[in-house]
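Dear colleague,

Please find the structure for your review below. My notes on what was found in it follow directly after.

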Amino acid sequence: MGDRGAALATILSQIVSACWVLRFLTGKKALHNLKRKNIKIDKAFLSHTGLSVNFGATLHNSDGVAFGKAVMKNSTTCIGVYPSDKIGRNSIHSVCEIGEYDLIITDDNVSEDFVVQMSELKIEGDVILTN
């Protein structure tokens, strides 16, 4: 099998190892169970399908909503990282309101209206210049 066989064996061993570790950390004999409420994050950098003032951060797929909400809930600082082409877009599933972010980082192509709306909502926003 050569390189493909080695790659497959590596992937399978990583999957088995991950399953074993997760079972160890979540099992009855674990000293500290791995649960969402036990995980604390200092700074979370998040980006979703779209971000708008009216609908907040949104996703196409509902699978990521619970994860996004859990990360934001357990983070000291939530930072949204959105290129200007995602700003003003809406999708089906809501992750959070725009005011739940502590900071929003975008590029220099973002509309001036969006920057004004952010300042009216007292959301700190940094515009990162791109080449």
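Asp-107 is buried and yet takes part in no salt bridge. The nearest side chain of opposite charge belongs to Lys-86, and it is 10 Å away, whereas a salt bridge is counted only within 4 Å. Please bear in mind that this is a predicted model, and that the distances given here are computed from it. Asp-107 belongs to strand β6, which covers residues 103-107.

Which backbone nitrogen lies 2.8 Å from a polar atom of the Asp-107 side chain? It is that of Ser-84.

Turning to the aromatic residues, the count comes to one aromatic pair. Tyr-82 and Tyr-101 form this pair in an edge-to-face arrangement, with 6.0 Å from centre to centre and 80° between the planes. The two residues are 19 apart and the pair links distant parts of the chain: Tyr-82 sits in the loop between β4 (75-81) and β5 (93-96), and Tyr-101 in the loop between β5 and β6. Both Tyr-82 and Tyr-101 are buried.

A further point concerns Leu-59 in strand β3, which spans residues 56-59. Leu-59 counts as buried because its relative accessible area is 13%, and the limit for that term is under 20%. The C-alpha atoms of Leu-59 and Val-95 are separated by 7.1 Å, while the two residues are 36 residues apart along the chain.

On the surface, Leu-8, Ile-11, Leu-12 and Ile-15 form a nonpolar patch, and together they have about 370 Å² of accessible area. One of these residues, Leu-8, lies in helix α1, which runs over residues 2-26. Is Leu-8 buried, partly exposed or exposed? Leu-8 counts as partly exposed, because its relative accessibility is 42%.

As for the overall architecture, the protein chain has three helices and seven strands. Along the sequence they follow the pattern α-β-β-β-α-β-β-β-α-β. The protein chain holds 131 residues, of which 31% count as buried.

With kind regards

Technical notes:
Residues are numbered from 1 along each chain as its sequence is written. This is a predicted model: local features need pLDDT of at least 70, side-chain atom pairs count only at pLDDT 80 or more; totals for chains, interfaces and linings use all residues. Side-chain values use heavy atoms; hydrogens and water are left out. Patches are made of residues with over 30% relative accessible area and no salt bridge: like charges are joined within 9 Å, nonpolar side chains (Val, Leu, Ile, Met, Phe, Trp, Tyr) within 5 Å. Accessible areas come from the Shrake-Rupley method with a 1.4 Å probe; for residues, only the protein chains shown count as cover. Helices (H or I, at least four residues) and strands (E, at least two) are DSSP runs, numbered from the N terminus. Buried means under 20% relative accessible area, exposed over 50%, partly exposed in between (1.4 Å probe, protein chains only). Lys and Arg count as positive and Asp and Glu as negative; His and the chain ends are not counted. A polar contact is a pair of N or O atoms within 3.5 Å; within protein, one must be able to donate a hydrogen and the other to accept it, and residues adjacent in sequence count only if both atoms are side-chain atoms. Rings of Phe, Tyr and Trp (its six-membered ring) pair if their centres lie within 6.5 Å; planes under 30 degrees apart count as stacked, over 60 as edge-to-face and the rest as tilted.
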